[in-house]
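Trainee: I'm new to this one. Could you walk me through it?

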Amino acid sequence: MRVRDPSPISFSYDLMRQYRRTDVRLGDLTWSALKNQARFSIEEAQEVLLWIEQVTNVQFDKDPTTFETAQDVADALKDGVQLCDLMCRLVNDANALAYNRRPKMPFHKMENISNFLEAIKAYGVPEISCFQTVDLYENKQCYKVIECLRALAAVAQSKNAPVIFPSWVVKLSQGRPRTFPESVMRRGEMVIPLQYGTNKCASQKGMTPYGLARQIKPEN
């Protein structure tokens with residue numbers, strides 16, 4: 001089943017729910033493509049790409065401010081060279097990551113992306129924040145790529161990486177563990193918590209022999 005492709009297309013969750021069946025196609029767009037576009041923000045992607053240019057001192061083939069779709073972003077990053085170069089700049093070591101600087105074949109480009117993903121996981125980016133290689137190379141879920149790069153910027157800022165960070169980078173919370181002296185810890189063991197019961201409240205202990213019904217007498 002095919003439906004007419006409206007122009008322009010408004011990628012909203014209402015539209016996604018309308019064409020939720022996987023066998024329904026909106027022009028050349030499938031349900032997964034609609035989901036990708038609905039969560040993708042070109043403004044956030046442009047911010048990330050401009051930051052990558054600033055850190056690596058290498059310009060993309062096209063100006064990121066002229067990008068309009070997720071495919072434009074994926075095409076700019078799919079060879080993995082800029083990503084690997086970004087990681088080397090964050091750790092301030094040009095040889096920190098081995099990658100193909102002039103990839104020609106598809107598997108060379110995908111290998112660069114895989115090496116970048118392994119490097120950022122070791123750097124401290126949670127695995128749940130990372131994307132899959134096909135998410136970028138085949139533009140499956142480009143929004144995950146942007147979210148991953150923003151998470152990488154936040155981790156790098158927390159590690160005081162020697163680069164400039166823009167205002168959109170989220171500041172991660174820092175753990176502040178507390179230690180107490182042994183005397184304070186021992187004092188806490190002397191307190192009986194209420195889970196073990198208490199003898200401070202009213203009870204009927206000792207008032208009646210075992211098995212006798214409770215005697216409740218009305219007041220005169």
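Trainee: Which backbone oxygen lies 2.9 Å from a polar atom of the Asn 112 side chain?

Mentor: Quick note: this is a predicted model, where local features need pLDDT of at least 70, side-chain atom pairs count only at 80 or more, and totals for chains, interfaces and linings use all residues. Residues are numbered from 1 along each chain as its sequence is written, and side-chain values use heavy atoms, leaving out hydrogens and water. Asn 112 itself sits in helix α6, residues 106-123. The backbone oxygen at 2.9 Å from its side chain belongs to Asn 100.

Trainee: Is Asn 112 buried or exposed?

Mentor: Buried means under 20% relative accessible area, exposed over 50%, and partly exposed in between (1.4 Å probe, protein chains only). Asn 112 has a relative accessible area of 1%, so the residue is buried.

Trainee: Which residues is Asn 112 in contact with, leaving aside neighbours within four places in sequence?

Mentor: Contact means heavy atoms within 4.5 Å. On that basis, the partners of Asn 112 are Asp 79, Gly 80, Val 81, Cys 84, Tyr 99, Asn 100 and Pro 103.

Trainee: And Phe 180, is that buried or exposed?

Mentor: Phe 180 lies in the loop between α8 (142-158) and α9 (182-189). Its relative accessible area is 54%, so Phe 180 is exposed.

Trainee: How many helices and strands does the protein chain have?

Mentor: Helices (H or I, at least four residues) and strands (E, at least two) are DSSP runs, numbered from the N terminus. In the protein chain the order is β-α-β-α-α-α-α-α-α-α-α. That's 9 helices and 2 strands.

Terms used
A polar contact is a pair of N or O atoms within 3.5 Å; within protein, one must be able to donate a hydrogen and the other to accept it, and residues adjacent in sequence count only if both atoms are side-chain atoms.
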